[in-house]
Amino acid sequence: GQNPPRSIRFNSFLLFAFRFKLFFRKFMKHKTQLTMINIHELKSGDTVITNYEGTEREGKILQVDHEDKKVLVATDENEFWYDLDNLSPVLLSEAILLKLQFHKEDASSPAGGTLYVRGPFSVRFFEDGHKPLLQLHYRDESRNLDEPITLNELQNHYHDMTNFHLE
C-alpha cells in the first residue's frame, strides 16, 4: 500500500497529541483531587493510606478528631494520630473490590459497564465520559456518580445505604 500524504499523517499526529493532552489533564485533575483528603469524609472503620517518614501503609480509621484535625489510624504495626497531610485515600479499583469480596458479573447487561456484586449491593463502572461514571445500587436505592471515588467514599456510601460497614 501507499502511505497517506504527509499532511494527513501530521494531522493524525496532532489529533493524537491533543487527545493525549486532554486525557493527561483530566488524569492529573483527578490525581490531585484524590491525593487531598477531606476530614468530613472520614469515618471510623474507613480505610486510608498513612505516610510516616516516607513509609506508606494501609490502615483503618479508629477515631476522627474534627477539632484538632487529626485522625487515629491502626496499621498492621501500630495506632497513631495522623495529620491530614500524612493521609491519602485508596483509589477504588477492581483489585480493591475483589479484596472486599465483591465478584465480577460476567454476563453483559443492557445497562452496560462492568458490574461488581456483593450480596444485594452492586457497583457498576462505566467507560470514561459516560454519565454516570459509576452507579451504586442496594435494594431499591441507586446512586449515580459522575466522578471517580475512593475506597473510604465507597465505604461511606455503603454504610449510608445498608447500615453496615464495608470491610
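Guide: Leaving aside neighbours within four places in sequence, V123 is in contact (heavy atoms within 4.5 Å) with L97, F102, T114, L115, Y116, L134, Q135, L136 and L154. This is a predicted model, in which local features need pLDDT of at least 70 and side-chain atom pairs count only at pLDDT 80 or more, while totals for chains, interfaces and linings use all residues. Residues are numbered from 1 along each chain as its sequence is written, and side-chain values use heavy atoms, with hydrogens and water left out.

V123 belongs to the largest nonpolar core, a set of 19 residues in which L97, F102, F121, V123, L136 and L154 have the most contacts. A nonpolar core here is a set of buried Ala, Val, Leu, Ile, Met, Phe, Trp, Tyr and Cys residues joined through side-chain atoms within 4.5 Å, and buried means under 20% relative accessible area with a 1.4 Å probe, protein chains only. Two or more residues come from each of α2 (94-99), β8, β9 and α3, and α3 gives the most, with four residues. Helices (H or I, at least four residues) and strands (E, at least two) are DSSP runs, numbered from the N terminus.

The strands in question belong to an open sheet of five, in the order β6-β7-β8-β9-β10 with antiparallel pairing, where two strands count as paired if DSSP finds at least two bridges between them. Its edges are β6 (103-104) and β10 (141-145), each of which pairs on one side only. Within the sheet, β8 (residues 121-125) pairs with β9 (residues 134-138) in the antiparallel sense over five bridges, and F121 stands opposite Y138 of β9. Five bridges also join β9 to β10, again antiparallel, with H137 having S142 in β10 as its bridge partner. In the hairpin of β9 and β10, two residues lie between the strands, and R139 takes a positive phi near 50°.

Helix α3 (residues 151-162) lies across β7 (114-118), β8, β9 and β10, and runs at about 30° to β9; such angles, from 0 to 180 degrees, are taken between the N-to-C directions of axes fitted to C-alpha atoms, for helices over the stretch in contact.

Technical notes:
Buried < 20%, exposed > 50% of the residue type's maximum accessible area, 1.4 Å probe, protein only.
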